[in-house]
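Please consult the sequence and the structure shown here.

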Amino acid sequence: MENWGSKRRCAAVRVNRRRRTPLTLGSPRLTSSLEMSRPERTSILDARALSRALQRMAVAVIELAHGTDDLVLIGIQRRGVELAERIAKLIEQQEGVLVPRGALDITLYRDDLQTVGPKPVIGETRLPGDLTGKHAVIVDDVLYTGRTVRAALDELADFGRPKRISLCVLVDRGGRELPIQADVVGKVVKTGPGDVVEVQVAELDGRDQVDVVRGARQ
């Protein structure tokens, strides 16, 4: 029969064995917690897919405008300007005509300008003459709440009265706060409030790619 001293020695050995297994950063419990907080990046358009999307959008713009007679493409700063330039060149290749284009900086027309700061950075706004009687197509990279487009509409009103204004966007991510809908869309993706859609264009970023970063905003 085991005596009391033997039982105490066995218990001490079991305790020491348990203590030899430290809790490290590589343990499943801590690793899973860190992985859950790390944003997840997914590519939804690579360079080839983005190029194909722009080609489809160019065809859709021509059909929407019933030709190019009164067509004007206007990109929203920043990446909307580069996308508008590419779409205009694609239309010119297909139709053999020059498509007027311009750029809008909507900073001073934002409804949250008071939150931007005392010295907001103002980009360039340039338009190809009076827009009265023109079919103006606004081009932007991402459509989200609709507030950027609302600001663009307010600014365009200062440059004439187009006979029609249409909206062309590369990515529609949903989440609208205003009743605004795009007429031409390159890619539709469902996102949450904490997600970010990152559009990169070769002219500014050195490459063409669109990523969705899930959980980027906590």
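Helix α4 is followed by G96, whose phi is positive, near 70°. Helices (H or I, at least four residues) and strands (E, at least two) are DSSP runs, numbered from the N terminus. The model is predicted: local features need pLDDT of at least 70, side-chain atom pairs count only at pLDDT 80 or more, and totals for chains, interfaces and linings use all residues. Residues are numbered from 1 along each chain as its sequence is written, and side-chain values use heavy atoms, without hydrogens and water.

The 17 residues of α4 reach 24 Å from first C-alpha to last, close to the 24 Å expected at 1.5 Å a residue (1.5 Å times one less than the number of residues). Its buried residues (under 20% relative accessible area, 1.4 Å probe, protein chains only) include V81, L83, I87 and L90. Their cover includes α3 (47–65), β2, β3, β4, β5 and α6 (202–205).

The open sheet has five strands in the order β3-β2-β4-β5-β6, with parallel pairing (at least two DSSP bridges between two strands). Its edge strands, β3 (101–104) and β6 (184–188), each pair on one side only. Strands β2 (residues 71–76) and β4 (residues 135–143) pair over five bridges. L73 stands opposite V137 in β4.

Angles run from 0 to 180 degrees between N-to-C directions, with axes fitted to C-alpha atoms, for helices over the stretch in contact.

| Helix | Strands touched | Angle |
|---|---|---|
| α4 (residues 79–95) | β2, β3, β4 and β5 (164–172) | about 155° with β2 |
| α5 (residues 147–156) | β2, β3, β4 and β5 | about 155° with β4 |

Key: Contact means heavy atoms within 4.5 Å. Buried means under 20% relative accessible area, exposed over 50%, partly exposed in between (1.4 Å probe, protein chains only).
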